[in-house]
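Biologist: I would like to learn how to read salt bridges and pockets in a model. Could we go through them one at a time?

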Amino acid sequence: AAMRRLARACGEMSAELSAGLTLTSERGCVRVRPYAGGRALSLTAEAATEEAAEELCADLQRRINKLL
């Protein structure tokens, strides 16, 4: 349920639910996976540069914090 809420909150990005959530935009993609026990998330970004990947993760972290 939480991954679906996050996907809806990132409506401008393409979302794919599988063993977590993959969000894709023109800037790159971010994979969100829950840790065992469900009390934490793992964010992994791929982008053209390391700086862009860090920005994607920071943006998604802000969105996650708003949902909590």
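Biologist: Which side chain meets that of Arg-27 in a salt bridge?

Modeller: Bear in mind that this model is predicted. To count as a salt bridge, a side-chain nitrogen of Lys or Arg must be within 4 Å of a carboxyl oxygen of Asp or Glu. Arg-27 meets Asp-59 in this way, at 3.4 Å from N to O. Arg-27 lies in the loop between strand 2 and strand 3 and Asp-59 in helix 2, so the pair ties together parts that are 32 residues apart in sequence.

Biologist: Is Asp-59 buried or exposed?

Modeller: Asp-59 is buried, with a relative accessible area of 17%, while Arg-27 is partly exposed at 37%.

Biologist: With which other residue does Asp-59 form a salt bridge?

Modeller: Asp-59 also pairs with Arg-63, where the closest N and O atoms are 3.2 Å apart. These two residues both sit in helix 2, about one turn of the helix apart. A network of salt bridges links Arg-27, Asp-59, Arg-62 and Arg-63.

Biologist: What does Glu-46 meet in a salt bridge?

Modeller: Its partner is Arg-31, at 3.0 Å from N to O. Glu-46 belongs to strand 4 and Arg-31 to strand 3, so this pair ties together parts 15 residues apart in sequence. The whole structure has four salt bridges.

Biologist: Now the largest pocket: how much space lies in it?

Modeller: About 240 Å³. The lining divides into nine nonpolar residues, one polar and two charged. Helix 1 gives the most to this lining, with four residues, and helix 2 supplies at least two. Among the lining residues are Met-3, Leu-6, Ile-64 and Leu-67.

Conventions:
Residues numbered from 1 in each chain as written. Predicted model: local features only at pLDDT ≥ 70, side-chain atom pairs only at ≥ 80, totals over all residues. Heavy atoms only, no water. 1 Å grid on protein atoms, 1.4 Å probe; cavity = no way out; pocket = protein on both sides within 12 Å on 5 of 7 lines; lining within 4 Å. Points joined across faces, edges and corners; volume = space filled by probe spheres on them. Nonpolar A, V, L, I, M, F, W, Y, C, P; charged D, E, K, R; others polar. Buried < 20%, exposed > 50% of the residue type's maximum accessible area, 1.4 Å probe, protein only.
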